[in-house]
Amino acid sequence: MEIGSASIARCSKEHQKIYQSWFSYADSDGDGRLTGNDASKFFSLSNLSRQDLKQVWAIADSRRQGYLGFKEFILAIQLTSLAQAGHIITSDILNAEVDFENLEPPAMEGLDALLRKKKRHSDPEPNGSQMQSYTASWFSSSKSAKVPSSSAPVTSIIDGLKKLYVKKLKPLEVTYKFNDFVSPALANSDFDAKPMVMLLGQYSTGKTTFIKHLMGSNYPGAHIGPEPTTDRFVVVMNGPDERSIPGNTVAVQANMPFNGLTTFGSSFLSKFECSQMPHPLLEHITFVDTPGVLSGEKQRTQRSYDFTGVISWFAMKCDLILLLFDPHKLDISDEFKRVIESLRGHDDKIRVVLNKADQVDTQQLMRVYGALMWSLGKVLNTPEVNRVYIGSFNDKPINTASAGPLGKDLFEKEQNDLLRDLKDIPKKACDRRINEFVKRARAAKIHAYIMGHLKNEMPAMIGKAKTQQRLIDNLADEFAKVQREQHLPAGDFPDVEHFRDKLNGYSIDKFERLNKKMIQSVDDMLGYDIPHLLNNFRNPYD
């Protein structure tokens, strides 16, 4: 499975060298990101119509990051060359029979003269000025060079979200203990992380085999078998070489978005690891392989960590959640039911995969599909029908003896649909980050209203313990009061039982009163700052 156009791989080294000099010229601030204004100035030299340039930008910036890196810049240049040759620019052109590697650079009017002019200005001056700059850099503090200035320009949507979080949302979260009750504070690695896909299901439904099928090889430490082989959470990521990193090490690495897992303790971290390997697919997507969900009370109580809590944590971070079933394991155990219920609020991420479907004939498959939908209907309390992909996602040829020619054709179409869904994940990653950020801001705001309301209900002197217990016992009624007073949607409120469990460990009297300025700051962020940010980094040719 391939994701992205891999434009830099389809460009000769000679052309890459030319495009590198063009990119360096166009990137006025030298940060490796070509934003809208710089791109508009540079690509105007091509003399293409505004409509053509709009299409070029839309395809090159398919992830809607708001800028072009070097790889995306090469793709934009190649599309410009095709447009000048008379090709109609659409996303389908990437899959057309075009010799991208030997595609000649486009004609850019006056660019050579501009490059010569820049080279003259950038040539080093004699008389020791170069030595002066070397001396200055030698004696400058390395620490100060690494710390980004708070006034550094925002050159992408993600950069803007990071700044808004630190300046406006994080103070509200810290003041009202949102990070203790709902979700740990976000770090830069949470914003920069690659899109994640989590696989859930009972043992031997083909989760690890599914990953192997997509990658074309096993990841380090993968175990496949009919028994419960994957006994830990494994994050499969891109890396320079093949290795497995223990969970305790992964959780403390600042460049990985897993620091929040430390709240589940060493018992969980001993059952967590990161498997790294160089792979083109992993440059775009990270997979989360999970232990098979077992049935029976005994298996549930033997877990030494909060399995459902860990699943819920990953669900917040993931861009797609695949629930895998096979025709012989359609029953939803108590633990699996709790796991699916923990995905509440992430229904748009859930896809259902009926795997190993070639093990039954067409008539049995119809009955299995009906039974699966009936079982899911009792657990997923949504009026919408979940998308179910039917197929056999492994390296073996489809068993046509059972499936027949009709089943083979169906499985191939379903597999193509699922692969298309997976390929769209990186393109939607930035939109997903914005969506999750807005959801988090609204959740933090409602959390602050709840905390402020509970604090106001506490007496000034006598009877604090009794009042706290009464508030905890009648928490659903208190939520209803907050909802009516603040005109908030009921569906955005947290789960009452979970909130009650957390509240038992705190003294309500020590909570902060509602700070309306903080609430207004978050409202301004949602109503003005984020729309303004998106407008700044839209397609410059819109």
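# Cavity, helix pair and buried loops

User: What volume does the largest cavity have?

Analyst: The largest cavity has a volume of about 30 Å³. A cavity here is a set of points on a 1 Å grid over the protein atoms alone where a 1.4 Å probe fits but cannot get out. The volume is the space filled by probe spheres set on those points, which are joined across faces, edges and corners. This is a predicted model, in which local features need pLDDT of at least 70 and side-chain atom pairs count only at pLDDT 80 or more, while totals for chains, interfaces and linings use all residues. Residues are numbered from 1 along each chain as its sequence is written, and side-chain values use heavy atoms, with hydrogens and water left out.

User: How many cavities of 30 Å³ or more does the structure hold?

Analyst: One.

User: Which residues line the largest cavity?

Analyst: F43, L53, V56, W57, L68, A76 and Y541; a lining residue has an atom within 4 Å of a point. Seven of the lining residues are nonpolar, with no polar and no charged ones. Nonpolar covers Ala, Val, Leu, Ile, Met, Phe, Trp, Tyr, Cys and Pro; Asp, Glu, Lys and Arg are charged, and the others, Gly among them, are polar.

User: Which element gives the most to that lining?

Analyst: α3, with three residues. Helices are DSSP runs of H or I of at least four residues and strands are E runs of at least two, numbered from the N terminus.

User: At what angle do α3 and α4 pack?

Analyst: Helix α3 (residues 50-60) and helix α4 (residues 70-84) pack at about 145 degrees, and their axes are 9 Å apart. Axes are lines fitted to C-alpha atoms over the stretch in contact, and angles run from 0 to 180 degrees between N-to-C directions. The crossing is right-handed, a term for the near helix being turned clockwise from the far one by less than a right angle.

User: Which residues in α3 and α4 meet?

Analyst: V56, I59 and A60 in α3 meet E72, L75, A76, L79 and T80 in α4. By class, that contact has six nonpolar residues, one polar and one charged. V56 and A76 also belong to the cavity lining.

User: Switching topic. Where is F258, in which loop?

Analyst: Between α12 (247-251) and α13 (265-269). F258 counts as buried because its relative accessibility is 1%; buried means under 20% relative accessible area with a 1.4 Å probe, protein chains only.

User: What is F258 in contact with?

Analyst: Beyond its neighbours within four places in sequence, M196, V235, M237, V250, A251, F272, W313 and F314. Contact means heavy atoms within 4.5 Å. The C-alpha atoms of F258 and F314 are separated by 9.3 Å, although the two residues are 56 apart along the chain.

User: How many residues of α15 are buried?

Analyst: Eight of eleven, including W313 and F314.

User: And D319, where is its place?

Analyst: In the loop between α15 (307-317) and β8 (320-325). D319 is buried, at 4% relative accessible area. Its contacts, leaving aside neighbours within four places, are P195, M196, K349, I425, A429, R432 and R433.

User: What about the phi of K356?

Analyst: Near 55 degrees, a positive value in a residue other than glycine. Most residues other than glycine have a negative phi. K356 is in the loop between β9 (350-354) and α17 (362-379), and counts as buried at 18% relative accessibility. R64, in the loop between α3 and β2 (67-68), also has a phi near 55 degrees.

How values were computed:
Buried < 20%, exposed > 50% of the residue type's maximum accessible area, 1.4 Å probe, protein only. 1 Å grid on protein atoms, 1.4 Å probe; cavity = no way out; pocket = protein on both sides within 12 Å on 5 of 7 lines; lining within 4 Å.
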